[in-house]
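Student: I have a model open and would like to go through some of its residues one by one. Can we start once it is on the screen?

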Amino acid sequence: PKVDPLEIIAANKGVIGFNLIWMWDKVEDMSEIFTAMMAQVQWQPPHVGRTFAFDDAPAAMRYLQSGSSVGKVVVVVDSE
């Protein structure tokens, strides 16, 4: 497909690609590397900045649009 770079910029999007065909026969090597890499990461849950009830979803969207949000904005859906 043809892509207009200016439209991508205007839409705040990006394009990225990786040629991984050279790794076709290196699955075991990559598994070991990935396992070692993941062992080095200290996983922490994401920071939840604010939580909204589902009925307050418009307020959650306004909060996101305000630019003052820090962390994740969570909308809680009741599972009745």
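Student: Where does Trp 24 lie?

Tutor: This is a predicted model, in which local features need pLDDT of at least 70 and side-chain atom pairs count only at pLDDT 80 or more, while totals for chains, interfaces and linings use all residues. Residues are numbered from 1 along each chain as its sequence is written, and side-chain values use heavy atoms, with hydrogens and water left out. Helices (H or I, at least four residues) and strands (E, at least two) are DSSP runs, numbered from the N terminus. On that numbering, Trp 24 lies in the loop between α1 (5-10) and α2 (27-40).

Student: Is Trp 24 buried or exposed?

Tutor: Buried means under 20% relative accessible area, exposed over 50%, and partly exposed in between (1.4 Å probe, protein chains only). Trp 24 has 70% relative accessibility, so it counts as exposed.

Student: Which residues make the nonpolar surface patch of about 860 Å²?

Tutor: Patch members have over 30% relative accessible area and no salt bridge; like charges are joined within 9 Å, and nonpolar side chains (Val, Leu, Ile, Met, Phe, Trp, Tyr) within 5 Å. A salt bridge is a side-chain nitrogen of Lys or Arg within 4 Å of a carboxyl oxygen of Asp or Glu. Areas come from the Shrake-Rupley method with a 1.4 Å probe, and for residues only the protein chains shown count as cover. The patch is made by Ile 16, Phe 18, Leu 20, Ile 21, Trp 22 and Trp 24.

Student: How many aromatic pairs does a search of the whole structure find?

Tutor: Rings of Phe, Tyr and Trp (its six-membered ring) pair if their centres lie within 6.5 Å; planes under 30 degrees apart count as stacked, over 60 as edge-to-face and the rest as tilted. The number found is 1.

Student: Why is the pair of Phe 52 and Tyr 63 tilted?

Tutor: The ring centres of Phe 52 and Tyr 63 are 5.9 Å apart and the planes are at 50°, so the pair is tilted. It links distant parts of the chain, 11 residues apart, with Phe 52 in strand β1 (residues 48-53) and Tyr 63 in helix α3. Both Phe 52 and Tyr 63 are buried. The plane angle asked about is 50°.

Student: Which residue lies over the face of Tyr 63?

Tutor: A charge sits over a ring if NZ of Lys or CZ of Arg is within 6 Å of the ring centre and within 35 degrees of the ring normal. At 4.7 Å from the ring centre of Tyr 63, the residue is Arg 50.
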